[in-house]
Amino acid sequence: MAPSARITLLLILVAVAVSALLNPGNFGTIDTARRWQVARSIRLGEPAVTADDAREGFGLPGKNGQPQAWYGVGQSLLLLPIDAVVDAAVSPLLRRSGLDPTRRKQIAELTLAFLMQSFLTACVLLLSRRVLLNLGFGSTAAIAGSLALLFATTCLQYVQCAQENELLLTLALAALAALGAWLRDERGHWALLAGMACGFAILVRLTSVLETGAFAIFTIAAGSSMKRFLAWFAPPVAAALLFDRWYQWHRFGDLFSTYISRLPRPADQPTSFPFSYPFWKGFLGTFFSLDKSVLLFDPLLIVVLLLAVRNWRSLDRQLRRLLICLTLLLVAYAAAYARYFDFGGDITWGHRFVLLPVQLLCLFAAPLLLQHRWPALWAVVFASVILQAASTVLPPNVEVVQRELGSRNGVLGNRAVNIAEIATNTEEPQRFERIPIEWRTLYYFPFQLRLRFPGIAVWAIAAWLALLLSLPAIVALLVRGRATEPRP
């Protein structure tokens, strides 16, 4: 097997293993389950919002009087073919198993989550490696960067919870990989592919127009012919914007608004709702708050900042342009979401609305460390790996409830205490008031099984531990068997 093919296979194995290890037995978040329902409404004509969700207050009245989901359609489009495959291959077996409809739906959701996250995680690893190779990093640095992106950033948590962030990261990396190829030979299909990736991201979350603009500015600033580039890049972006507007009209009967303007205003909120959060508290909180600071939840950002400042003149010119564009993109995202009432996404690990530029910047931490020696910073990388592993042990709901109960130690401080108390079976009753037993059990599917099917759980946990032990071996093979590739 060729070295490059071997690396690709091993990266895919890492992605599958990580997705299997982290799966909590479902999507990990109600948001993705509701996007799955939208996919079923597109494919099977089911209601876009289930009756149970409507009773809980989810959904906005549509133009036909039926409740409509308020999310973008992008992740639902990704779930659509996967749902069709699961329906064709798994559902018939479940129907013959004699399980009740609730259990069958749970197993289908588990399978969907595993397939979607395995695919996206593999794309993140492969595309991030390609982005680094396009920027002139060697094979060792490219592999190190892709592995650090997965294991040492908030990317790991979003593999587990199946929120749309990993899809957005995949699309951004696809766009950057295609733009790197465009800058090399200026073949139109590369700019077209980049535009398609950015267009799909806009369907996932409308604010993705920000990275679309940042990527276009980066490419043009790198010396690309603006007219030729935009002739290929702009059409799919424009098509996505038109589709987004059609989807808005299809749901709500208007073209020039978003679901944000339709959110019902709570009685205790000002007329500026949902942009009613104090701007400077939100903007500065993005960087310095205990609960949402990107510097706390993604410490590799500090590594990139220090290395870039220290070695700025020696960095490749194209890399410098990209770092500047990504930094400005982070500031733009922080400003765009500073006043949003649901600061940082609330029940999330970190500030999920601004994580895309953060994760893209963190991609360069390990490669720059290998290029520009600063041994002390490797401690930050190792600490980041431990931090991100800790993010998957328990659901983020635990610290949110504790904050509501009056805890002011910050998410990371509470997470450390929670893990220590649960591991030693010394949970303080006041700390864990209103926190169900599922959230105080390891948030991995085999351990969750112990609560309902202990007989099966014994075997599932044994398989989980075997897979966990095999992961370092796969990574070791990947590092030792790296290809020596010429820099593009």
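Trainee: Is Tyr277 buried or exposed?

Mentor: The model is a predicted one, and the assignment is computed from it. A residue counts as buried under 20% relative accessible area. Tyr277 has a relative accessible area of 18%, so Tyr277 is buried.

Trainee: Which class does the ring pair of Tyr277 and Phe343 belong to?

Mentor: At 15% relative accessibility, Phe343 is buried. Ring planes under 30 degrees apart count as stacked. The ring centres of Tyr277 and Phe343 are 5.1 Å apart and the planes meet at 5°, so the class of this pair is stacked.

Trainee: How many residues apart are Tyr277 and Phe343?

Mentor: Tyr277 belongs to the loop between α12 and α13, and Phe343 to the loop between α16 and α17.

Trainee: How many aromatic pairs are counted, and how is the pair of Phe273 and Phe341 classed?

Mentor: The count comes to 25 aromatic pairs. In the pair of Phe273 and Phe341, the centres are 4.8 Å apart and the angle between the planes is 50°, which is classed as tilted.

Trainee: Which parts of the chain does the pair of Phe273 and Phe341 tie together?

Mentor: Phe273 is buried, at a relative accessible area of 12%, whereas Phe341 is partly exposed, at 35%. The two residues are 68 apart in sequence, so their pair ties together the loop between α12 (226-252) and α13 (279-288) and the loop between α16 (317-336) and α17 (355-362).

Trainee: Which peptide bond is cis, and where does its proline lie?

Mentor: Most peptide bonds are trans. The bond from Phe273 to Pro274 is cis, with omega near 10°. Pro274 has its place in the loop between α12 and α13.

Trainee: Where does Ala162 lie, and what is its phi?

Mentor: Most residues other than glycine have a negative phi. Ala162 is buried, with a relative accessible area of 1%, and lies in the loop between α8 (155-161) and α9 (165-185). Although Ala162 is not a glycine, its phi is positive, at about 60°.

Trainee: Is Asn425 buried or exposed?

Mentor: Asn425 is found in the loop between α21 (411-423) and α22 (445-449), and it has a positive phi of about 55°. Exposed means over 50% relative accessible area. At 63%, Asn425 therefore counts as exposed.

Trainee: Which helix gives the most to the lining of the second largest pocket?

Mentor: This pocket holds about 460 Å³ of space and is lined by 23 residues. By class, the lining has 22 nonpolar, one polar and no charged residues. Four helices, α1 (3-22), α7 (139-151), α19 (378-393) and α23 (454-480), each supply at least two lining residues. With nine residues, the helix that gives the most is α19.

Key:
Residues numbered from 1 in each chain as written. Predicted model: local features only at pLDDT ≥ 70, side-chain atom pairs only at ≥ 80, totals over all residues. Heavy atoms only, no water. 1 Å grid on protein atoms, 1.4 Å probe; cavity = no way out; pocket = protein on both sides within 12 Å on 5 of 7 lines; lining within 4 Å. Points joined across faces, edges and corners; volume = space filled by probe spheres on them. Nonpolar A, V, L, I, M, F, W, Y, C, P; charged D, E, K, R; others polar. Phe/Tyr/Trp six-rings, centres within 6.5 Å; stacked < 30°, edge-to-face > 60°. Buried < 20%, exposed > 50% of the residue type's maximum accessible area, 1.4 Å probe, protein only.
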